[in-house]
Amino acid sequence: MNLQRPNANEALQTGNRSRDVAPQSGICSRCLDGCRGNCDMFQATFRGRELLYPQPFGSITAGADKDYPVDYSHLNIMGYALGAKGVTADPDTATFPSVNTETAYGRNSKVRMKVPIFTGALGSTDIARKNWSHFAVGAAISGISLVCGENVCGIDPGLELNAQGKVTRSPELERRVAEYRRYHEGWGDILVQMNVEDTRNGVAEYAIDKLGVETIELKWGQGAKCIGGEIKVDSLERAIELKRRGYIVTPDPDVTAFQAAFKAGPLKQFERHSRLGFIDQEGFMREVERIRGMGAKRVTLKTGAYPMRELAMAIRWSSDAGIDLLTIDGAPGGTGMSPWRMMCEWGIPSLYLHAMSYELAERLARKGLPVPDLAFAGGFSAEDHVFKALALGAPYCKAVCMGRALMIPGMVGKNTERWLKGFDGGLPKTVSRFGATKEEIFMNFEVLKEKFGAAEVEQLPLGAVGIYSAVDKIKVGLQQLMAGSRNWAVPLVSRRDIFSLTEECAKITGIPYVMDAYREEALQIIDA
């Protein structure tokens, strides 16, 4: 059985002519000379390298659709009738709305969040830039952390560099930090992420010294891809500028043939790529200390779907360096721009990677060494996902990082704002069935009006209201699941609160198979 059919996908805007395809190649079982399209190879005939990436750039996020043998759906959540943790076992006291969903992460300077989720890294892609105010304000009013991703300064049209090539001003990063901080109420934090180019350009120094950023995130990788970040560039002048700033730009905009192809029309866009990072323990420890020496209160690390060796490095070195949060992002991941086949076919899938993370963290703890606070990422979108991740990684996993799942309500809310003004044909039926005004459509609008006041709530971008509503849904759903498993606080969730539906899942995760979970206790009751 092929777990992911290649050669045609909606993400690439391609499709097979025939319903019958060769399972390994994805090519139609009868490839017809004279076919008018439209599989990957058909389009690659004309557009070449464009077919590496989901389309159209800047208007979509993409997530791989490979169906792995075992994933988080192979875990189920325990519900109990006995006892309560963190509250008196009384039906008038132990109600689900009284469940505390707050969490915290950090070694010495803790960051508290109202819900154990935070955004994925929103960096230099157009989808992040265009929707930033919705994402940033939404995260702030929801009381969760926000990650400002890599290369934001590097692609800023208003970037100012000194003679040494270091950032002296970045209006775009300044905007991003300010929009989160305007509504920040002490819950969550904004993390600014570093890659190779950011480090060379002195982004951390600028963010800390000039913008007062308290948390810097080092990046080893992500679940969506195993190369550096990339964007599309639709201007020759812009492509040349980004190359001058030290980025890899392909095709090379200085080559006459590519300039001619761009001006003639067949070459539509250039690509800006970040460099691959290479790690070593001494350099990692030195970089953490360097950033702390600048005045950062917290240093975090984001690592990708690498094998157990690199995972062990991330966990052990984070322990030794006192890293405040280690985010472990599994495959297949979602992204604003990554090579499609890479997204589908590289890396350790989330459940496997997170099971490895627990095993290594537990081994570190048995040695008497501190385990860094962990966050799991990679394909999460709902409250049951959050519960399962917290339970699988307990007591080390403190939160779940969500990428596309938290971007969607921001984009939908933004578009609703446009539809209410009559753009793009006005409100679609999927929205108008709730009402014709924002007060009618967004169930939490009045809640936010009471909190911020009528004048201020009118200034909130509707994408932020959408994110607030989506986070509220996850929070309440999590409260229900936690109450059902008799956990009235996030730190009380444990690995005993989930079970494996398949023996293969039990083997991978160490979580008992359904027929073995609580078996000993059950037999003691029967045999008493």
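# Salt bridges, rings and backbone features of a predicted model

Student: Which residue forms a salt bridge with Glu 310?
Tutor: The closest N and O atoms of the bridge at Glu 310 are 2.8 Å apart. A salt bridge in this predicted model is a side-chain nitrogen of Lys or Arg within 4 Å of a carboxyl oxygen of Asp or Glu. The partner of Glu 310 is Arg 309.

Student: Is Arg 309 buried or exposed?
Tutor: Burial follows relative accessible area: under 20% is buried, over 50% exposed, and in between partly exposed (1.4 Å probe, protein chains only). Glu 310, at 16%, therefore counts as buried. Arg 309 has a relative accessible area of 57%, so Arg 309 is exposed.

Student: At what pLDDT do side-chain atom pairs count?
Tutor: Residues are numbered from 1 along each chain as its sequence is written, and side-chain values use heavy atoms, with hydrogens and water left out. As the model is predicted, local features need pLDDT of at least 70, totals for chains, interfaces and linings use all residues, and side-chain atom pairs count only at pLDDT 80 or more.

Student: In which helix do Arg 175 and Glu 172 both lie?
Tutor: The side chains of Arg 175 and Glu 172 meet in a salt bridge at 2.7 Å, N to O. The two residues are three apart, about one turn of the helix. Helices (H or I, at least four residues) and strands (E, at least two) are DSSP runs, numbered from the N terminus; the helix here, residues 171-182, is α3.

Student: What is the distance between the closest N and O atoms of Arg 245 and Glu 241?
Tutor: Arg 245 is buried, because its relative accessible area is 15%. Glu 241 counts as partly exposed, because its relative accessibility is 30%. In their salt bridge, the closest N and O atoms are apart by 3.2 Å.

Student: Which aromatic residue forms a pair with Tyr 72?
Tutor: Rings of Phe, Tyr and Trp (its six-membered ring) pair if their centres lie within 6.5 Å; planes under 30 degrees apart count as stacked, over 60 as edge-to-face and the rest as tilted. This rule gives 10 aromatic pairs. Tyr 72 belongs to an edge-to-face pair, with 5.1 Å centre to centre and 75° between the planes, and its partner is Phe 380.

Student: How many residues apart are Tyr 72 and Phe 380?
Tutor: Tyr 72 lies in the loop between β1 (62-63) and β2 (75-77), and Phe 380 in the loop between β18 (374-377) and α12 (383-392). Both residues are buried. The pair links distant parts of the chain, with a separation in residues of 308.

Student: At what distance from the ring centre of Trp 132 does Arg 176 lie?
Tutor: A charge sits over a ring if NZ of Lys or CZ of Arg is within 6 Å of the ring centre and within 35 degrees of the ring normal. Lys 451 lies over the face of Phe 452 at 5.4 Å from the ring centre. For Arg 176 over the face of Trp 132, the distance is 4.7 Å.

Student: How is α13 oriented relative to α18?
Tutor: Axes are lines fitted to C-alpha atoms, for helices over the stretch in contact, with angles from 0 to 180 degrees between N-to-C directions. Angles under 35 degrees count as roughly parallel, over 145 as roughly antiparallel, 65 to 115 as roughly perpendicular and the rest as oblique. The axes of α13 (residues 404-420) and α18 (residues 462-484) come within 7 Å and cross at roughly 140°. Relative to α18, helix α13 is therefore oblique.

Student: What is omega of the cis peptide bond that joins Ala 394 and Pro 395?
Tutor: A cis peptide bond also joins Thr 250 and Pro 251, with omega about -15°; Pro 251 lies in the loop between β13 (248-250) and α7 (256-264). Pro 395 is placed in the loop between α12 and β19 (397-402). For the bond from Ala 394 to Pro 395, omega is about 0°.
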